[in-house]
Amino acid sequence: MTNPTGRRVTANISLTLDGHYSGPGGPGDMGAIVSYATTDVARAHLARIHEKATTAVLGRLNAEGFLGFWPTIAADENADPRDRAYAKWLVDAEKVVFSTTLTEAPWDRARVVNAPVADVIAGLKANGEGDILVNSSASVIKALLADDLIDRLYLMICPEITGGGQRLFVDGLPASKWALAYQEAGELGEMALVYDRVLSCSQ
């Protein structure tokens, strides 16, 4: 199927070596991830993910959690310029928040949707321009992987094994092939990876 607007669906998430985006302590167990969030490689990766994006897609937890952090960074003249650039982009960008419980958007320039992920993303791809970035929201990324609807994956691999927690890639996903578009390793062993979906002949 052709995409008349040329909009890509991209997704950004950090994972441990054993494939978890949170530890065994639950969704808030992020110790193996946040330890690497302020390295030069991580900050360069942060700049990369929003470079061509005009829409941010978030789940409720991230939308509410980000609201308590990133707007303060956008206003902080002493913040790292890369963090501040991302924060300003997120504040100003169109934001789509998936939620079954919110009745009002937690951010300005945001709207809440309670609909199948694939349908909402199809609507976004049909209008506007620029990449659609699913921003660290695993539930949304999982739904898009299940429907084979992601064009680019931005991954930060953190060199720790948690031994438990929530996984992004689970059994039962449709088979797919990806091409490495960028890679960079940091001094702590963290690695930034960018993968583009390779379309099969049938697509």
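The largest nonpolar core of this predicted model has 26 residues, where a core is a set of buried Ala, Val, Leu, Ile, Met, Phe, Trp, Tyr and Cys residues joined through side-chain atoms within 4.5 Å and buried means under 20% relative accessible area with a 1.4 Å probe, protein chains only. The residues with the most contacts inside this core are Ile13, Val57, Ile121, Val134, Ile141 and Leu144. Two or more residues each come from strands E1 (9-16), E3 (94-98), E5 (131-135) and E6 (152-158) and from helices H6 (117-125) and H7 (138-146); helices (H or I, at least four residues) and strands (E, at least two) are DSSP runs numbered from the N terminus. H7 gives the most, five residues. Setting aside neighbours within four places in sequence, Ile141 is in contact with Ala11, Asn12, Ile13, Val134, Ser136, Ile150 and Leu168, contact meaning heavy atoms within 4.5 Å. Apart from this core lies another, of 21 residues, including Leu46 and Tyr86.

Leu46 and Tyr86 turn up again where two helices meet. On the H2 (residues 40-49) side are Asp40, Arg43, Ala44, Leu46 and Ile49, and on the H5 side Arg82, Asp83 and Tyr86. By class, this contact holds four nonpolar, no polar and four charged residues (Ala, Val, Leu, Ile, Met, Phe, Trp, Tyr, Cys and Pro count as nonpolar, Asp, Glu, Lys and Arg as charged, the others, Gly among them, as polar).

Residues are numbered from 1 along each chain as its sequence is written. Local features need pLDDT of at least 70 and side-chain atom pairs pLDDT 80 or more, while totals for chains, interfaces and linings use all residues, and side-chain values use heavy atoms, without hydrogens and water.

Terms used:
Buried < 20%, exposed > 50% of the residue type's maximum accessible area, 1.4 Å probe, protein only.
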